Amino acid sequence: MLKHYDGAQLVPESPAESSSVPVLMSKKPAAPRKPRAKKLFVLDTNVLMHDPTSLFRFDEHDLYLPIATLEELDSHKRGLSDVSRNARQASRFLDEIVSGSAEDIKKGLELRTKDGQNSRGRLYLQTEAINGNLPHTLAAGKNDNQILAVVRFLQEKEPQREVVLVSKDINMRIKARALGLPAEDYFNDKVLEDADLLYTGVRSLPKDFWDTHGKDMESWKKEGHTYYRVRGPLVPKLHVNEFVYDETGERPLYALVQETAGRTAVLETLRDYTHAKNSVWGITARNREQNFALNLLMSPAVDFVTLLGQAGTGKTLLALAAGLTQVLDEKRYSEIIMTRVTVPLGEDIGFLPGTEEEKMQPWMGALEDNLDVLNASDESGGEWGRAATRDLVRSRIKIKSLNFMRGRTFVNKWLIIDEAQNLTPKQMKTLITRAGPGTKVVCLGNIAQIDTPYLTEGSSGLTYVVDRMKDWGHAGHVTLARGERSRLADHAADVL
């Protein structure tokens, strides 16, 4: 019979000797785990201009900056655009890092993150002329090709470690791979790898929800809403202000997760904005998600709302209708402020004349179209009444440019940020932090229509805020799934 004793195995030498003292056979010691080999990442200029803090985001791996990258960074530092600001910030970070002697630079510079902690990686700068073995068809004077030559040279110089080019430029990565050089996109700015994983704000309850969560359930009524306190395995997955629905029974349930604590959650039934008696500025919800969106927009407890959806789902119309009702009827806010990124769809038509508001007017076609719909919904007062309403509405809506937002504070305003998918996370932070006491911020957008260079569905500012704000008790999000513009628009969105 085998026995174990302090990690060693007792084994009899033979059946005949089983009664004798057994021999100790020590277990083979586990082989020490090899430390992960440090990679050497060669940074393209667009990575630093996209995210200056990328210098500190490669964990224990080393970074290499070619001279061509530094020259391109220098040529982009002038100007007032975000790219120029990022280039200047990246130069400041490099100035803080490169403070030693030339010998220190050759050995590699220690990277320190902002909080003073030592980074495990090191930064190397190109200190010698490098002529990599590249095909003669590639122009030697072009910066991109110089960077590729550096990658090839480092591969030959340090064959024991992996050398990888990091670039936001798709064509640069294609060119590198065509030459047999490893190349990657910069992934650290991406909130999600797949946009399909983005939080939708809506959850369908399973068929057995009440069987698994109805034990010891409490319910009560308050101010026209019914509340349910439920317990069960699904509760830890729920987010505050997430909408849940169950349409399997005779009476469908539409509710909002008001609070969660461990395995207990409180569900609050919604106001039905699909009914004409609850219309908002003459507008009623046409589908389930629009009803959810209006519950968020009309709730005084929610300060930040994000609405995602393809063209024609009613994002702007719902935001304007809810804003006008709370500005003009309920007097909850003083005025509506609307802004958006001015990224043209085609060729730029040049400078626009007039004041700030007049220059922004051509970009606000969506606002004018939706105001026409909202004014047409008011049948009382005839033509004169509609004209007076139109003038009153226009006097309470201000159109502002993003360029002049820094340093401002909006108090008691209804702030709509349209086409928010074209904002970077930094721009989104700048805008949202403009909100003062009593201000509600509504972000609208479609992450499938991004026009800003180097922004993707995973790195858009809209994706960033949806993911970061989903657990805050005063923020809500809904992804609108169904288009309500027209049967032509819906069909075109599906097949074109």
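Strands here are DSSP E runs of at least two residues, helices are H or I runs of at least four, and both are numbered from the N terminus. Two strands count as paired if DSSP finds at least two bridges between them.

I'm working on a predicted model, where local features need pLDDT of at least 70, side-chain atom pairs count only at pLDDT 80 or more, and totals for chains, interfaces and linings use all residues. Residues are numbered from 1 along each chain as its sequence is written, and side-chain values use heavy atoms, with hydrogens and water left out.

**Entry 1, β13.** I started with strand β13 (residues 243-246) and its partner β14 (residues 253-261). They pair antiparallel over four bridges, and I found Asp246 opposite Leu253 of β14. The two make a hairpin with six residues between them. I then looked at strand β10 (residues 202-204), which runs parallel to β13 and is joined to it by three bridges; Ser204 has Tyr245 as its bridge partner there. Side chains next: Phe243 and Tyr245 point one way, Val244 and Asp246 the other, and all are buried (under 20% relative accessible area with a 1.4 Å probe, protein chains only; over 50% is exposed, in between is partly exposed).

Helix α5 (residues 143-157) has 15 residues and spans 21 Å from first C-alpha to last, close to the 21 Å expected at 1.5 Å a residue (1.5 Å times one less than the number of residues). I listed its buried residues; among them are Asp144, Asn145, Ile147, Leu148 and Arg152. Their cover includes β4 (40-43), β5 (62-65), α2 (67-75), β8 (163-166) and α6 (170-178).

Six of the eight residues of helix α14 (residues 461-468) are buried, so it is largely enclosed by the rest of the structure. The buried ones are Gly461, Leu462, Thr463, Val465, Val466 and Asp467. At the helix start, I saw a side-chain oxygen of Ser460 within 3.2 Å of the backbone nitrogen of Leu462.

I count a nonpolar core as buried Ala, Val, Leu, Ile, Met, Phe, Trp, Tyr and Cys residues joined through side-chain atoms within 4.5 Å. The largest has 41 residues, and Leu297, Leu324, Leu374, Trp414, Ile416 and Val478 touch the most other members. Helix α9 (residues 315-329) gives this core its largest share, nine residues. Skipping neighbours within four places in sequence, I get contacts of Leu297 that include Val305, Leu307, Leu318, Trp414 and Val442 (contact: heavy atoms within 4.5 Å). Another core lies apart from this one, with 24 residues, among them Met49, Phe56, Ala87 and Leu123.

Note on methods:
A polar contact is a pair of N or O atoms within 3.5 Å; within protein, one must be able to donate a hydrogen and the other to accept it, and residues adjacent in sequence count only if both atoms are side-chain atoms.
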